Amino acid sequence: QVEQAIDAAEKAAGEWAFSTPQQRFDALDHIATEIFAKAEVLGGLLSREEGKTLAEGKGEVMRAGQIFKFYAGEALRASGEIVSSVRPGIDVEITREPVGVVGFITPWNFPIAIPAWKIAPAVAYGNSIVIKPAELVPASVWRLFEIMSRAGLPDGVVNLVMGPGRVVGEDIAASPKVNAVSFTGSVKTGHHIRNVVAGRGGKVQLEMGGKNPLVVLDDADLDVAVNCALQGAFFSTGQRCTASSRLIVTAGIHDRFVERLVQQLQAITVGHALAETTQIGPVINEGQLKQNLDYVDIAVSEGGRLIFGGERLTLAHQGGYSAPALIVDTRNDMRINREEVFGPVASVIKVQDYDEALSAANDTEFGLSAGICTSSLKYARDFKRRSEAGMVMVNLPTAGV
């Protein structure tokens with residue numbers, strides 16, 4: 001089936017590459033409009049299969065619709081350049097062309113938004129695609145493809161294949177007919193995909209997680225800082241690669257920040273994803289829950305102090321419910337601050353001043369997202385410049401783009 005899907009994409013690539021901007025706009029705009037119209041149903045489906053709250057599920061669906069709507073517009077704005085040559089009487093024309101067949105391997109934590117992030121631009125610029133979603137979340141992307149099947153796209157432009165990564169993902173990465181591969185997921189798998197795709201001369205793009213710092217300085221607005229930490233570290237059950245898993249707090253505000261954050265955590269409702277009162281839903285599966293709890297134990301064994309949560313919750317509905325965990329008295333060299341947990345687990349690192357905070361924030365092999373809470377324009381500007389992360393937030397949660 002993977003081979004059939006790749007062959008279909010290859011067959012469609014030539015025709016779609018020469019489709020008009022209006023054709024691409026019409027298809028993408030149709031997809032966006034139908035996503036918006038079915039947001040309630042799609043959001044409920046997403047929450048059922050992934051465990052996000054209903055509000056988060058619908059919000060993610062709306063985001064997917066917005067992405068398709070945006071790239072519908074981009075399809076009409078495809079541009080090139082004509083520049084003068086150094087040789088007299090000759091012009092240089094620069095035209096952007098589709099890559100061809102693009103393979104996507106997507107994770108379980110954003111089962112419709114991440115496929116949308118990858119599919120929409122690829123289709124907008126005239127590529128055909130083959131996508132393999134995570135095994136844990138097949139439903140949302142299946143419904144997305146159902147919508148796309150009514151958008152007027154030629155057969156073979158978009159192709160969905162299901163199955164384990166070691167089989168389906170491996171075949172996509174290894175196929176010489178797949179010109180480029182985009183992957184979002186674990187570091188180990190990403191490194192393997194990079195080697196396979198690059199080894200055969202294909203293009204490859206990877207996004208493999210983070211250990212994102214949120215710096216809180218003495219002059220920060222305490223309410224803003226606590227809200228940034230709460231939203232960034234614990235919402236969406238902490239299952240975001242941009243989550244604020246390291247809270248780096250200067251000494252003058254440390255105790256007040258920790259006390260206020262614990263108060264906010266005490267008021268959080270963990271529960272069934274479809275219950276309206278739920279603020280944090282269940283962990284994706286039993287294996288992830290065990291990993292979360294194991295990392296809490298590891299942090300404590302290394303000298304960290306668990307001051308809130310970190311245990312499995314037994315609720316009316318059976319499921320992998322975890323109380324959000326806050327660990328203090330940690331050092332940046334501990335495993336809890338070096339390795340991605342991917343759950344509602346945050347650690348606090350106490351530092352003396354801004355320079356030490358910046359050094360700790362950059363002392364990681366990851367470089368996805370970072371944030372700072374401060375009322376100082378000087379420190380905000382300096383952190384934006386010197387933070388070694390791709391996305392830098394000021395007085396905002398690190399999660400999100």
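Which residue forms a salt bridge with Glu50? The partner is Lys52, with the closest N and O atoms 3.7 Å apart. A salt bridge here is a side-chain nitrogen of Lys or Arg within 4 Å of a carboxyl oxygen of Asp or Glu.

This is a predicted model, in which local features need pLDDT of at least 70 and side-chain atom pairs count only at pLDDT 80 or more, while totals for chains, interfaces and linings use all residues. Residues are numbered from 1 along each chain as its sequence is written, and side-chain values use heavy atoms, without hydrogens or water.

**Salt bridges**

The whole structure holds 18 salt bridges.

| Pair | Closest N to O distance |
|---|---|
| Glu50 and Lys52 | 3.7 Å |
| Glu10 and Lys177 | 3.9 Å |

Buried means under 20% relative accessible area, exposed over 50%, and partly exposed in between (1.4 Å probe, protein chains only). Glu50 is buried at 3%, and Lys52 is buried at 4%. Glu60 is buried too.

Glu10 and Lys177 form a salt bridge. This pair links distant parts of the chain, 167 residues apart. Glu10 lies in helix H1, and Lys177 in the loop between helix H7 (165–174) and strand E6 (180–184). Helices (H or I, at least four residues) and strands (E, at least two) are DSSP runs, numbered from the N terminus. Glu10 is partly exposed at 40% relative accessibility; Lys177 is partly exposed at 33%.

**Nonpolar cores**

A nonpolar core is a set of buried Ala, Val, Leu, Ile, Met, Phe, Trp, Tyr and Cys residues joined through side-chain atoms within 4.5 Å. The largest has 37 residues. Those touching the most other members are Ile31, Phe68, Ile119, Ile129, Met148 and Leu153. Elements that each supply at least two core residues include helix H1 (2–17), helix H4 (54–75) and strand E4 (128–132). A second, separate core of 30 residues includes Ala220, Phe234, Leu261 and Leu326.

Beyond its neighbours within four places in sequence, Ile129 has contacts (heavy atoms within 4.5 Å) that include Ala9, Phe104, Phe145 and Asn159.

**Cysteines**

A disulfide is counted when two cysteine sulfur atoms lie within 2.5 Å. The count is 0. For Cys228, the nearest cysteine sulfur is that of Cys373, 3.9 Å away. Cys228 is buried at 2% relative accessibility, and Cys373 is buried at 0%.
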